[in-house]
Amino acid sequence: MFDAGLETLPRERLRELQWRKLGAMMAGLLGTESGNRFVKLKWAGAGLGAADDVRSWEDFARLPLTHKAELVDDQASHPPFGTNLTFPLERYVRVHQTSGTSGQPIRWLDTQESWDWWIRCWGFVLRGAGLTAADRVFFPFSFGLFIGFWAGFEGARAIGALAVPGGGQDSATRLAWMDRIGVTALVCTPSYALHLLEVARERGLDARKLGVRTTVHAGEPGANIPPVRARIEEGWGARAFDHAGMTEMGAYGYECAAQGGLHVNESEFIAEVIDPATGRPASEGELVLTNLGRLGSPAIRYRSGDRVRLAEGPCACGRTFLRLENGILGRLDDMLIVRGVNVFPSAIEAIVRRFRAVEEFQIEVFRTGELEEVRVLIEAVDATLTGAVEEAFRAEIGLRLEVCAVAPHTLPRHELKARRVVRK
Ligand SMILES: [Zn+2]
């Protein structure tokens, strides 16, 4: 564990710790001299003027939820960084931007303190996956605006591992570089881990011989979709771990050796699950998070847009942090409604990925009149495979979906978040 004292705290003590951190953060946000304009204005609208107004967890649950659209609007009217800032601009040392996969991108600033906090959060992720100072951790992506792997890279250094950058290289060069350096761990999106395997195969290279024993994945739900995980683990001869984080929030979710879902790092985040329609607490619904270590640019009761299900009972690993069963089940705004049936793209992926001959796929969404329809394109040499995939959809999600075969290498590959749902 990264911090066994915190990760095994009894639940009541954990709640006390969260409460203390929350109180300190609220005092800083509402401070009379500086303070955070965005939060002050939002809470004033809900009748809250001082940290003392929140006296219990019930009061906390009445604080207004934060929606992504509010932050987008705030930045549009106060460019370029908006008003969710607790300190003068000179206190901030890093800027990143959300991917914009669901709507307008948001820029996010960090202070030195909150950047150190990000790195600490990644310590939980990497240690949870069993990485140690002996590991050489490879980050095969271009170091751009996306925050996740910058923080992960620093996190690897923070646990004493060797952090290996992989920017500015194509996939074949990355494989050669991994071999030369003796990389033991790989951090990337699940899609990219699969793509690297494809490139290795094309070059007659057995990726299992590279010596990677651990892979850590974020950006997409893939590592918690069993056939995706199996494909990554078999291809690399490694164990694959899931991780969840958001630019606006931090690196909050990670897996342990027991792999019974994603633990939420409750020493640094408060997690709630709500029914997205009513806002009431639920065991399955939308994940709402509050970060406790990012005073300069916080996200409080932030609607993640992710659908999750709380796991029951303690984890075999001994951690007391709650778990999200099967990780992130899908983005609420990605959910497709096909002839009245709700389908997440991850459910389609879980079926398609079982067919070994299918290297890549795409979900086309189009409208026929008022109805949403879905067509699934699969890269397959053997066109008769489409019938088998259609049959699997029918049997498992109860839907007749059209499946079309396309030639190998005709669908896009993705380095960061895959965009496999295409609206026509
Ligand atoms: Zn565990």
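Modeller: Let us begin with what an angle between helices is: axes are lines fitted to C-alpha atoms, over the stretch in contact, and the angle between the N-to-C directions runs from 0 to 180 degrees. Please keep in mind that this is a predicted model.

Biologist: Why is α8 called roughly perpendicular to α9?

Modeller: Helix α8 (residues 171-181) and helix α9 (residues 190-202) pack at about 85°, with their axes 9 Å apart. Because the range for roughly perpendicular is 65 to 115 degrees, the pair falls under that word. In this contact Ser171, Ala172, Arg174 and Leu175 of α8 meet Tyr192, His195, Leu196, Val199 and Ala200 of α9, and the classes are 6 nonpolar, 2 polar and 1 charged.

Biologist: What makes α6 roughly perpendicular to α7?

Modeller: The axes of helix α6 (residues 112-128) and helix α7 (residues 148-158) cross at roughly 70° and come within 8 Å, and since 65 to 115 degrees counts as roughly perpendicular, α6 and α7 are described in that way. Among the residues in this contact are Trp115, Trp118 and Trp122 of α6 and Phe149 and Trp150 of α7. The contact of α6 with α7 has 10 nonpolar, 3 polar and 1 charged residues.

Biologist: Why is the arrangement around the zinc ion called tetrahedral?

Modeller: The zinc ion is coordinated by Cys256 (SG), His263 (NE2), Cys315 (SG) and Cys317 (SG), at 2.1 to 2.2 Å, and a donor must lie within 2.8 Å of a metal such as this one. Four donors count as tetrahedral if all angles lie between 85 and 135 degrees; here the 4 donor atoms subtend angles of 106 to 113°, so the arrangement meets that condition. Along the sequence, the donor residues have the spacing C-x6-H-x51-C-x1-C.

Biologist: What is there to remark on in the backbone of Gln259 and Asn326?

Modeller: Most residues other than glycine have a negative phi, and most peptide bonds are trans. Gln259, however, has a positive phi of about 50° although it is not a glycine, and it sits in the loop between β8 (250-254) and β9 (262-264). Asn326, likewise not a glycine, has a positive phi near 60° and lies in the loop between β13 (323-324) and β14 (330-331).

Biologist: Which residues does a cis peptide bond join, and what is omega there?

Modeller: The cis peptide bond joins Pro79 and Pro80, with omega about -5°, and Pro80 is found in the loop between α5 (68-77) and β1 (92-97).

Conventions
Residues are numbered from 1 along each chain as its sequence is written. This is a predicted model: local features need pLDDT of at least 70, side-chain atom pairs count only at pLDDT 80 or more; totals for chains, interfaces and linings use all residues. Side-chain values use heavy atoms; hydrogens and water are left out. Donors are N, O and S atoms within 2.8 Å of the metal (3.2 Å for Na, K and Ca); water is not among the atoms, so sites may look incomplete. Four donors count as tetrahedral if all angles lie between 85 and 135 degrees; four count as square planar and six as octahedral if opposite donors are over 155 degrees apart and all others between 65 and 115; anything else is irregular. Helices (H or I, at least four residues) and strands (E, at least two) are DSSP runs, numbered from the N terminus. Angles under 35 degrees count as roughly parallel, over 145 as roughly antiparallel, 65 to 115 as roughly perpendicular and the rest as oblique. Contact means heavy atoms within 4.5 Å. Ala, Val, Leu, Ile, Met, Phe, Trp, Tyr, Cys and Pro count as nonpolar, Asp, Glu, Lys and Arg as charged, and the others, Gly among them, as polar.
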